[in-house]
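Hi everyone, thanks for coming. I'd like to walk you through one model today, so let me put it up on the screen.

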Amino acid sequence: MANEIEKVNTIAITDIEKINGKTDDNIEKLNSLEFVGVAAPLFAGTRAVIAGGDDGTSLEDTTNNMDYKTIDSDSNALTFGLLVEARGMFKGAGSNISRGVWVSGRTDGYPNTNTHTTAMDYRAVGSTGFAADFGDAANATANGARDGSSNGTLLFSCGGFRSGAGNQQDDMEYITIASTGNGTNAGDLMEVNNGCVGTHGNTRYLVAGGYDGGASQLNRIQYNDFSTSADCSDFGDLTQADQYPGSASSVTRACIWHSDAYDEAGGGTLRIDFVTVASTGNASDFGDKAIQTAESTGTSNGTRGELYGGEISGGESGSESGIPAVNVIQKITIDSAGNASNIGNLTVDVKSAGALSGT
């Protein structure tokens, strides 16, 4: 059931905590209009933590640096702590609000690009400090569905690139965030996929874009309802094919920040897409990024989405290395289409990091 009332005194219903002293979970009607309450995100909190990545130099040296910031604040990031192992290009990252986990990734740059790891790190998001070992992923994989996919209980990591095992992967695995341990194999993506992006959600996650190992990038969006055994199903298409995009999710909507360096039309793009998660269909245009970036990472507090770092290239020229990374932070309001704006900087220039949020 949907709300029949959208605003009270011009204020969006999702921005109202109490009406006449009552919270939204014990209000049935306002002026005879049905009010069913607003679900809180189970996967997002007020603090973003941005971890790992590489520096974008010719050797793409990886880092174990971790930054943090308050998502509602237009401000620079601060130093949070260190990952156990320096790496980037994660297979997935997400939280149950109190604890964040970063899955797998690549531990070295050029020329040793096949140095993938099974390591998973975790950290309590509410306090700064060093990450600790969570367990081992089912497979040593990099370039999976970055920025996703958690429902606040389970974290799914999907696809990616694995050396010596067919390279591009279609596997999905999951962990229970609250208890440390190893990853467990789940279902499969619809095709092998390297460099896709995942989204968070209370009941459904999406996997969008990527590369199938053939001649071009993918525009497919697929979905899974956090099943530990079912394969992904077709959701619709992005407005354009893309590899290494970023994402930001609310309870109802997912935004995909396109990655300019892997725009197969060449020349780069500022494009941001959005979809309504509960209903399948093609993506629509949301607006433009404030600056062209590729291999950035995103997260949200359930209302505001932020995008961190990346590289600025205006179109790839055949090699991922040697393209400088940046420290820029961009923001959008997820449920209101419009252009992004720059709001601050990370403590380091970095691309291919992994962001998540919690409280």
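This is a predicted model: local features need pLDDT of at least 70, side-chain atom pairs count only at pLDDT 80 or more; totals for chains, interfaces and linings use all residues.

Residues are numbered from 1 along each chain as its sequence is written, and side-chain values use heavy atoms, with hydrogens and water left out.

So, what is the protein built from? It has zero helices and 29 strands; helices (H or I, at least four residues) and strands (E, at least two) are DSSP runs, numbered from the N terminus. Of its 359 residues, 55% count as buried, meaning under 20% relative accessible area with a 1.4 Å probe, protein chains only. The protein exposes about 13,400 Å², with 44% of that supplied by carbon and sulfur atoms; the areas come from the Shrake-Rupley method with a 1.4 Å probe. As for contacts (heavy atoms within 4.5 Å), take those between residues at least 6 apart in sequence: 58% join residues at least 24 apart.

Strand β7 (residues 47-51) runs antiparallel to β29, joined by five bridges. Within that pairing, R47 has G358 of β29 as its bridge partner.

On to another open sheet of four strands, ordered β25-β26-β27-β28 and antiparallel too. Here the edge strands are β25 (297-300) and β28 (341-345). Strand β27 (residues 328-333) pairs with β28 over four bridges, and Q330 is partnered with N342 in β28.

Finally, which residues have the most contacts inside the largest nonpolar core? They are F156, C158, M172, L189, Y205 and V207, in a core of 13 residues. Such a core is a set of buried Ala, Val, Leu, Ile, Met, Phe, Trp, Tyr and Cys residues joined through side-chain atoms within 4.5 Å. β14 (154-162), β15 (167-176) and β18 (205-208) each give two or more residues, and β14 gives the largest share, three residues. Leaving aside residues up to four places away in sequence, L189 touches several partners, including C158, M172, V207 and C232.

Note on methods: Buried means under 20% relative accessible area, exposed over 50%, partly exposed in between (1.4 Å probe, protein chains only). Two strands pair if DSSP finds at least two bridges between them.
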